[in-house]
Amino acid sequence: MKSFFILILIVLAPLFSYCQGYVVEGIIKLEESKFSEHDAEIIIKNGKANSSLDQKGNFVITVADTNNCSFIVFSKGFESKEFLATNNDNEKLNIYLKRLATEIKEISIEENNSEFNFGRLKSVDGMAIYAGKKTELIEMNKATLNKATNNPRQIYGKVAGLNIWENDGAGIQLSIGGRGLNPSRVTNFNTRQNGYDISADALGYPESYYTPSAEAIERIEIVRGAASLQYGTQFGGFINFRLNDGPDTAKFELKSRQTAGSFGLFNSFNSIGGNYKKIKYYTFYQYKTGNGWRDNSDFDVHQWYGKLNYELNPKMTISVEHTFMSYLAQQAGGLTDRQFLNNPQQSFRERNWFQVSWNLSALKFNYIINSKISIDSRLFMLHAHRYAVGNLSSINRQDIPNTPRNLLKDEYLNWGIENRLLNRYQLFKKHHVFLVGMRYYMGNTDRKQGLGSRESGPDFGLSNENIPENSFYNFPSQNIAFFAENIFYLSDKFTLTPGARFEFIDTKSDGFYFERSFNLAGEVISERQINEARENQRQFMLFGLGLSYKPTVSTEIYSNLSQNYRSINFNDMRIINPSFDVDTNLMDESGYSFDIGIRGNFKELINYDVNFFYLGYNDRIGEVRKVDSVLFRPIRFRTNVSDSRSLGLESYVELSLSKLLGYEQAKHQVGIFVNFSYIDAVYINSEESAFEGNEVELAPPIIFRSGFNYSYKGFNGSLQYSYTAEHYSDATNAEFTSDAVNGLIFEYAVLDLSLGYEFKMLSFEAGINNLLNEIYFTRRAAGYPGPGIIPSDPRNFYFTLGLKL
């Protein structure tokens, strides 16, 4: 309780502070142009003040004393204007910048050929604080890549240290992890869309079976481990997909993109959006189908999204959003090492299918109370299911036709609400920013596991729906959290950002499973139904501290130390899998993340971010190899393996070669980037000597990516090289197993080429992924989509025709 009172003091202190100074707010609009496509700047000319500017042109100027302050608004290609900031809380400035007539043509070229599509989040961005944190920002509308298949190598090519799993060539599911954390369906990140959760169950099953279409994404925001205070306690951090919002000025806009590619790929993406008076709308529909490279890899994907935003008054907006996604995919299963070497295209599972349906709704409310205080509220709900049917036995065992298949059925019904208050206030003649929030979340998962049909098609009916042969559980969960962070501006160059989070977690399970005994021939000799009801309540505090020092306008030295926590839930503890078992005494995991680095953007010539990190992880859950005590068969056993520590270097540097050579106004734009990471991740303080000093699984010691970008008028091109070093797939550091579930993941290098051309309302894109036809794999699976080695796609082509009206 002492820690909780500390949080209350942090929350209340800024709300009662008062001193001299005032705040001026307003909005900047650009003639015949969308503000988010330009770099604008507010320059303080006279007076002591600080300013912040968001992606939509909204700005806040905090003046340190009672005197008036003059400032200049500047955006390249537009007329600059000077204004006087006065102490008037009721006044909101509307600033309109006209284009410079002599630069209209040149600016149009720059809009379509921006060299840097990668950067970092602002210290205060919208209703969030990112000061002193390791952050990354990917601007998708400026990227040249294969968006039709959500190619993660290209999308996240500039994000240092990410280990990427390639489950399928269509990009249906995203699997990325950093700093030695499991990439599976982004499970170690708090994953959001437009600021609200999209995972199956944020507490008990934080895996994301839904990934937004890359063609609909405006930007991707990433915060590493320090996100634990604002967005949840995960070690990996936070990923937010901010979808396109539609045009700011046009009443109607239509975009259509049709893509054809290798292995029968066809993708159709169509969107409309507009802005009429106080209403802004945007919607898209995507259909994607293909045969896949390997046998038994067909897929069909449908995705729809709609958003309606209404401005109640200049200070108050409300919006409603809904996302629907449905897909059916045949899964080719895994391969043993020998099978992979002989023919990675072959498949020994033709009866494995996977079906997902996702319905995600959100209601958002934003209110600017006055020039200093804003509040934001997000109510969201998920109604979804995931069905998987097939043969999960070892891949070196034949799937016998006309035999019952394993069937897993999950139903998810979750909802939550998150409220935030942002307060800009004055203290000791310095301006500061305070954020406080609360979150309530209620999750409910129904999980059935039993025998499915004997057929070969996508039949997801259990042979006994009421009493399935393996298990039937209900997993309700409840989470209440309070969080607060404060940016203290100790000087014009140095900021201190402390934060705290209080968590209450309540997880329950209620259901039954069957316990069976087998003879040496594998036949059941006895069985009994075991009913089970459990509850686990815990509450705790997390703390963090961020530092930022800016010796120059374009350079920042940052550091952050934050605690992390990962709760386990009973909903993943009763999976019956012939090659997989789970420790019934799993414990929650805890630890901390530390970052220190330097970043900047020097005159649009060089963009860089280099940092050192340390991740301390207690009671780490992992998978080890053991022998079944009855049938003496090898299985993977999931348990609290040991503590671990991961440390390393992450670096990203991008250089504008055209500006380096002095061609700042050149029509030819040339750039190159390098992304290098090194990680040393080992197990420590292990009770079992077999694990002590072992390398942490799924932690490639070196990940290197480099790319070359070129643009000329309407033409864009990119060439990217990606290298991932050899690493282990389990905590025992097994190099080879007969069933291929454990073993080495060998080093691989892949080259991707993408080209694009825009002509008036038309656009043309084409590319070759895996240009050098590397034969490789990125993961070994214990269950779906395996078990065994999951081969990645060889060389493949795509072509996209786009239309914009």
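In which strand does Ser268 lie? Ser268 lies in strand β19, which spans residues 265-276, strands being DSSP runs of E of at least two residues, numbered from the N terminus. The model is predicted, so that local features need pLDDT of at least 70 and side-chain atom pairs count only at pLDDT 80 or more, whereas totals for chains, interfaces and linings use all residues. Residues are numbered from 1 along each chain as its sequence is written, and side-chain values use heavy atoms, with hydrogens and water left out.

View 1. Ser268 counts as buried at 11% relative accessibility, where buried means under 20% relative accessible area, exposed over 50% and partly exposed in between, with a 1.4 Å probe and protein chains only. Its side chain makes polar contacts with the side chain of Gln258 at 2.8 Å and with that of Asn270 at 3.0 Å; a polar contact is a pair of N or O atoms within 3.5 Å, of which, within protein, one must be able to donate a hydrogen and the other to accept it, and residues adjacent in sequence count only if both atoms are side-chain atoms. When residues up to four places away in sequence are not counted, Ser268 touches Arg257, Gln258, Tyr285, Gln286 and Tyr287, contact meaning heavy atoms within 4.5 Å.

**View 2. Aromatic pairs, with Trp415 and Tyr440 as one of them.** Rings of Phe, Tyr and Trp (its six-membered ring) pair if their centres lie within 6.5 Å, and planes under 30 degrees apart count as stacked, over 60 as edge-to-face and the rest as tilted. By this rule the count comes to 28 aromatic pairs. The rings of Trp415 and Tyr440 have centres 5.4 Å apart and planes at 55 degrees, so this pair is tilted. Because Trp415 lies in strand β25 (residues 406-427) and Tyr440 in strand β26 (residues 430-451), the pair ties together parts that are 25 residues apart in sequence. Trp415 is partly exposed, with a relative accessible area of 36%, whereas Tyr440 is buried, at 17%. The rings of Phe512 and Phe514, with centres 5.9 Å apart and planes at 85 degrees, form an edge-to-face pair; Phe512 is buried at 11% relative accessibility, and Phe514 is buried at 15%.

**View 3. An aromatic cluster and charges over rings.** One aromatic cluster is formed by Tyr205, Tyr209, Tyr327, Phe354, Trp358, Tyr412 and Tyr784. Over the face of Tyr205 lies Arg447, at 5.1 Å from the ring centre, and Arg599 lies over the face of Tyr558, at 3.9 Å from the ring centre; a charge sits over a ring if NZ of Lys or CZ of Arg is within 6 Å of the ring centre and within 35 degrees of the ring normal.

**View 4. The largest nonpolar core.** A nonpolar core is a set of buried Ala, Val, Leu, Ile, Met, Phe, Trp, Tyr and Cys residues joined through side-chain atoms within 4.5 Å. The largest such core has 63 residues, of which Tyr156, Ile220, Tyr327 and Trp358 touch the most other members. Strand β23 (residues 353-368) gives the most to this core, with five residues. Leaving aside neighbours within four places in sequence, Tyr156 is in contact with Ile138, Leu162, Leu174, Ile176, Ile220, Ile222, Phe241 and Arg705.

Technical notes. Helix = DSSP H or I, 4+ residues; strand = E, 2+ residues; numbered from the N terminus.
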